[in-house]
Amino acid sequence: MRRRRDGVSEQRVIDRDGARRLGLTYYFTGKPCKHGHLAERFVSFGGCVECNRIHHSGVIPVFLPRELHARLRLRADREGTSVPFLVIRILKDTLGPPEDR
Ligand SMILES: [Zn+2]
């Protein structure tokens, strides 16, 4: 995304495949998501950046061992998802339902 001198975002429409070919992290359809956000989307899984920001408040930067990351990537590819979504699912499956406090 480019920013004009006045700080307003100037988003250029680029489809997901085009953005992927350019090695970009985001693409922009120029159309709102199903929740009405006119925002960029992640090339990796197609999700709206604004929806993602609202729904995922916890960011945990973790350096994964190379071998583990490779295994996660393979499995994510096989299952048609992204590594972050796969990790979330594995954590949910491992932790089980939320505990009462
Ligand atoms: Zn959205």
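Colleague: What pLDDT does the chain average, and how many of the residues score at least 70?

Modeller: This is a predicted model, and the chain averages a pLDDT of 86, with 89% of the residues scoring at least 70. Among the elements of the chain, α3 has the highest mean pLDDT, 96, whereas strand β1 (residues 2-3) has the lowest, 52. Where pLDDT is low, the predicted coordinates should not be read in detail.

Colleague: Which pattern does the chain follow along the sequence?

Modeller: The chain has four helices and four strands, and read along the sequence they follow the pattern β-β-α-β-β-α-α-α.

Colleague: How do you know what span is expected of helix α3?

Modeller: The expected span is 1.5 Å times one less than the number of residues; for the 13 residues of α3 (residues 66-78) that gives 18 Å, and the helix reaches 18 Å from its first C-alpha to its last, close to the expected value. Just after α3, G80 takes a positive phi of about 65 degrees.

Colleague: What makes you call α3 hardly covered?

Modeller: A residue counts as buried if 20 or more other C-beta atoms lie within 10 Å of its own, and the count of such buried residues among the 13 residues of α3 is zero. For the chain, 7% of the 101 residues count as buried.

Colleague: Why are α3 and α4 called roughly perpendicular to each other?

Modeller: The axes of α3 and helix α4 (residues 83-95) come within 9 Å and cross at roughly 95 degrees. Angles of 65 to 115 degrees count as roughly perpendicular, and the two helices are therefore roughly perpendicular to each other.

Colleague: Which residues meet where α3 and α4 are in contact, and how many of them are nonpolar, polar or charged?

Modeller: From α3, L72, R73, R75 and A76 meet V83, L86 and V87 of α4. By class, this contact has five nonpolar residues, two charged residues and no polar ones.

Colleague: Why is N52 called partly exposed, and where is N52 found?

Modeller: N52 is found in helix α2 (residues 49-55). A residue is buried at 20 or more other C-beta atoms within 10 Å, exposed at 12 or fewer, and partly exposed in between; N52 has 15 within that distance, and is therefore partly exposed.

Colleague: Which residues does N52 touch, not counting those up to four places away in sequence?

Modeller: Leaving those aside, N52 touches F42 and G47. N52 and R41, eleven residues apart in sequence, lie 9.3 Å apart in space, C-alpha to C-alpha.

Technical notes:
Residues numbered from 1 in each chain as written. Predicted model: local features only at pLDDT ≥ 70, side-chain atom pairs only at ≥ 80, totals over all residues. Axes fitted to C-alpha atoms, helices over the stretch in contact; angles between N-to-C directions. Parallel < 35°, antiparallel > 145°, perpendicular 65-115°, else oblique. Contact = placed C-beta atoms within 7 Å. Nonpolar A, V, L, I, M, F, W, Y, C, P; charged D, E, K, R; others polar. pLDDT = per-residue confidence, 0-100.
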